[in-house]
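Welcome, and thanks for stopping by. Here is a short tour of the structure shown below, arranged by topic.

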Amino acid sequence: MPARWIALTGPTASGKTAAALAIAARFPVEIISVDSALVYRGMDIGTAKPSSAELAAVPHHLIDIRDPLRAYSAAEFVADATRLIDDIAARGKLPLLVGGTMLYLKALQDGLDDMPAADPAVRANLLAEAGTKGWPALHAELATVDAVTAARLAPNDSQRISRALEVFRLTGQPLAFFQQKNATKKIASNAHPASTGALISLEPEDRAWLHQRIAQRFDAMLAGGFLDEVSALRARGDLHADLPSMRCVGYRQAWEFLDAHEARGLDGSSPMTELRDKGIAATRQLAKRQITWLRAMPERRKVACDGPDVLQQVLDFVAENT
């Protein structure tokens, strides 16, 4: 039975955009972005957003749909992607999901859990507490109410600590409670048409190959004006470092770099070695997390992105599943 949609995923810098454009040149597709950073307007360089020419070559969806001041959730992605899959299929085209935000992809495949929606008041209180006590103190608090989640989080992982404490304060239950409930829903979710897709993943055999590409891409971002892009976002005056948009890899490091320079009274001509090193290290960590997610998806077709005939293998996979 043909797949209702094809998902092309893999760690950052693995060549997903080039592979997606190769598919689009051969098959009648529309691309649905599966990237939590590409949704934001004004964040182009640091997200490696497709160029104007690439966007014009094939219809793209879920890119530039949200101001950086507003968060975009996995639940919103599932709703948007499900609607788009239906719309694209109705036009007689193949929905091609492309990106590396594994939480989005997993939510589309397995369904969402019953965790409560974000509560702005609770989040504001947690942010205020963190400003006073620090995230390690909130991490210690989390350990007393949700030891399982706390054990897998770093003491300064503000986004995940905040969410885990938010869930507990709203429901009195740890994250694991909702994750276990979600596991029982997976079979029912797989019966939904939106979940009947085929997954192909670009993954390196040699991690050093990926690390080199990450470094080259970050250098290209810096040369292309990435720091100016972040400076312009800061100059708006309504954004801050704890927003999900500004916690994206690269943007967080650039924001902290600019904070440090302002505190020291340094100008923009100062060396950017520290930013480069931290940005590359953070991107490597992102890639490592993405690969860990992928290893938990046994249904995927793995293609060595550092091997021969990558594009042909991808095209063959699409042909087999359509």
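Which residues point one way from strand 2, and which point the other way? Val 29, Ile 31 and Ser 33 point one way, while Glu 30 and Ile 32 point the other way, and all are buried. Buried means under 20% relative accessible area, exposed means over 50%, and partly exposed is in between (1.4 Å probe, protein chains only). This is a predicted model, in which local features need pLDDT of at least 70 and side-chain atom pairs count only at pLDDT 80 or more, while totals for chains, interfaces and linings use all residues. Residues are numbered from 1 along each chain as its sequence is written, and side-chain values use heavy atoms, with hydrogens and water left out.

**The sheet**

- Six strands form an open sheet with parallel pairing, in the order 3-2-4-1-5-6. Strands (E, at least two residues) and helices (H or I, at least four) are DSSP runs numbered from the N terminus, and two strands pair if DSSP finds at least two bridges between them.
- Strand 3 and strand 6 (301-304) are the edge strands, each pairing on one side only.
- Five of the five residues of strand 2 (residues 29-33) are buried, so this strand is largely enclosed by the rest of the structure.
- Strand 2 pairs with strand 4 (residues 94-98) in the parallel sense over five bridges, and Ile 32 stands opposite Leu 97 there.
- Strand 2 also pairs with strand 3 (residues 60-61) in the parallel sense, over two bridges; in strand 3, His 61 is the bridge partner of Ile 32.

**Helices beside the strands**

- Strand 2, helix 2 (residues 52-57) and strand 3 make a right-handed β-α-β unit. Right-handed here means that, with the strands pointing away from the viewer, the path from the first strand over the helix to the second runs clockwise.
- Helix 1 (residues 16-26) lies across strand 1 (5-9), strand 2, strand 4 and strand 5 (197-203), and runs at about 150° to strand 1.

**Helices packing on helices**

- Helix 12 (residues 251-264) and helix 13 (residues 273-295) pack at an angle of about 155°, their axes 9 Å apart. Axes are lines fitted to C-alpha atoms, for helices over the stretch in contact, and angles run from 0 to 180 degrees between N-to-C directions.
- Helix 12 and helix 13 are therefore roughly antiparallel to each other. Angles under 35 degrees count as roughly parallel, over 145 as roughly antiparallel, 65 to 115 as roughly perpendicular and the rest as oblique.
- The contact (heavy atoms within 4.5 Å) involves Gln 253, Ala 254, Phe 257 and Arg 264 of helix 12 and Glu 274, Leu 275, Lys 278, Gly 279 and Ala 282 of helix 13.
- The axes of helix 11 (residues 226-235) and helix 12 come within 10 Å and cross at roughly 75°. That makes helix 11 roughly perpendicular to helix 12.
- Residues of helix 11, including Phe 226 and Leu 227, meet residues of helix 12, including Tyr 251 and Trp 255.

- Most residues other than glycine have a negative phi.
- Ala 48 has a positive phi near 55°; this residue sits in the loop between strand 2 and helix 2 and is partly exposed, with a relative accessible area of 30%.
- Leu 62 has a positive phi near 65°; this residue is in the loop between strand 3 and helix 3 (74-90) and is buried, at 8% relative accessible area.
- Ala 220 belongs to helix 10 (residues 207-223) and is partly exposed, with a relative accessible area of 47%.
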